[in-house]
Amino acid sequence: MSSSPAASEVSPIADAAPLSLCARSPHVPADRLVAEMVPPPRFDSVRFATYLPDPNQPSQIEAVRVLEGFAGGLGGAHAVAGGKRGFFGLGRAKAPKAPAGPRGVYLDGGYGVGKTHLLASLWHATPAEPALKAFGTFVELTNLVGALGFQQTVQTLSGHRLLCIDEFELDDPGDTVLVSTLLGRLVEAGVALAATSNTLPGKLGEGRFAAADFLREIQGLSAHFRTLRIDGEDYRHRGLPEAPAPFSEEQVTRAAHATPGASLDAFPQLLDHLAKVHPSRYGALTDGLRAVCLTDVQPVPDQSTALRLVVLADRLYDREVPVLASGLPFDRLFSEEMLNGGYRKKYFRAISRLTALARDAKGLVAAG
């Protein structure tokens, strides 16, 4: 049984005390970074056929059509005999030069219109074994470069048929240059590219499209991308019930003890702990969790903390880990200044995703 004050007030319900995210400090080796460059668990089963276009947004239907054709055209891309490759791509035959014309697609739209669903569907639809396709966020790609080094990353990915990059970080000039240079080398090796991005600082409004910013930032690579504009509102709010109100601390604590594989942490302590764990490890931080239970949710105190919370929210959402919380509702996590600043889109995405996970967690209280 946990020794926390809240836990001491509940009777034993489960055989073991809840887990604690604050007690975890995972180490992630480089080979795991490579092996995990696949669509996250939430998007394991998504396909173009499971994407539900908004009937009022023809651009969503058109995006599916174009991406299906793009995936079909990748079947003849360079493949290693037998489909095998070494961990670092050693011993591969040199890939042919990329054909002329667009060799990439950029999905341009606001948050919650299904860009990641479509990007993952493209990965699944591309006719190549998983070892010859890579899928990751911009942050995960820069972490890979940091772990392997630039040249080794080029060698590792240059035999792929497709590299999908979700949430290209246009607000980080240094990393943007690094990744743009990497993509240039991969295009020369014949790798097809697909990307989504966030907006640049100061580009306010969650519906503002970032295509011009994206193409400008990647400079010489712009000719290799065809832009697909995807209009629409956040699908998580289309026809869905309002987000549930936070539960009481006692309800959250009891549910954590009643749910095998659940974690239980005080929100302020979790925010402190996130500062001690590199964001590249946040996925590993959530390994094996069936639910995350948080008590005393409060406003996030500063932007550095807020950005770390955004990354954790993304990893929890990717892995479909429900989040049960007491304290303030998730739409009050970020200050007005944050919600009107350069990282506005990230914060609204985090609110949207945490709200969806809060809906998923409602049954934990009923079960408890």
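A cavity is found on a 1 Å grid over the protein atoms alone, as a set of points where a 1.4 Å probe fits but cannot get out, and its lining residues have an atom within 4 Å of a point. Grid points are joined across faces, edges and corners, and a volume is the space filled by probe spheres set on the points.

This is a predicted model, so local features need pLDDT of at least 70 and side-chain atom pairs count only at pLDDT 80 or more, while totals for chains, interfaces and linings use all residues. Residues are numbered from 1 along each chain as its sequence is written, and side-chain values use heavy atoms, with hydrogens and water left out.

**View 1. Here is the largest cavity, with a volume of about 60 Å³.** The structure holds 1 cavity of 30 Å³ or more. The labels H and E stand for DSSP runs numbered from the N terminus: helices (H or I, at least four residues) and strands (E, at least two).

**View 2. This one zooms in on the largest nonpolar core, which has 63 residues.** A nonpolar core is a set of buried Ala, Val, Leu, Ile, Met, Phe, Trp, Tyr and Cys residues joined through side-chain atoms within 4.5 Å. Buried means under 20% relative accessible area, exposed over 50%, and partly exposed in between (1.4 Å probe, protein chains only). Leu118, Leu122, Leu333 and Phe334 touch the most other members. Helix H12 (residues 303-318) gives the most to this core, with 8 residues. Apart from this core lies another one, of 28 residues, including Leu141, Leu148, Val154 and Val187.

**View 3. Now meet Phe334 and its contacts (heavy atoms within 4.5 Å).** Setting aside neighbours within four places in sequence, Phe334 is in contact with Val300, Ala306, Leu309, Leu339, Tyr347, Ala350 and Ile351. Thr305 lies in helix H12. Thr305 is buried, with a relative accessible area of 8%. Beyond its own neighbours within four places in sequence, Thr305 is in contact with Leu271 and Val300.

**View 4. Three strands make an open sheet in the order E6-E7-E8, with parallel pairing.** Two strands pair if DSSP finds at least two bridges between them. At the edges sit strand E6 (262-266) and strand E8 (323-327), each pairing on one side only. From one strand to the next, the twist averages 15°. E6 and strand E7 (residues 291-297) pair over 5 bridges, and Ser263 stands opposite Val292 in E7. Helix H10 (residues 267-274) packs on the sheet, touching E6 and E7, and its direction makes about 110° with that of E7. For such angles, axes are lines fitted to C-alpha atoms, for helices over the stretch in contact, and angles run from 0 to 180 degrees between N-to-C directions.

**View 5. Strand E3 (residues 162-168) is mostly covered, with 7 of its 7 residues buried.** Strand E2 (residues 133-137) runs parallel to E3 and is joined to E3 by 5 bridges. Leu163 in E3 is the bridge partner of Ala134. Another 5 bridges join E3 to strand E4 (residues 192-197), again parallel, and Cys164 has Ala194 in E4 as its bridge partner.

**View 6. Last up is helix H5 (residues 138-148) and its buried residues.** They are Phe138, Leu141, Thr142, Asn143, Leu144, Val145 and Leu148. Their cover includes helix H2 (30-35), E2, helix H6 (150-157), E3 and helix H7 (173-188). Just after H5, Gly149 takes a positive phi of about 90°.

Conventions. 1 Å grid on protein atoms, 1.4 Å probe; cavity = no way out; pocket = protein on both sides within 12 Å on 5 of 7 lines; lining within 4 Å.
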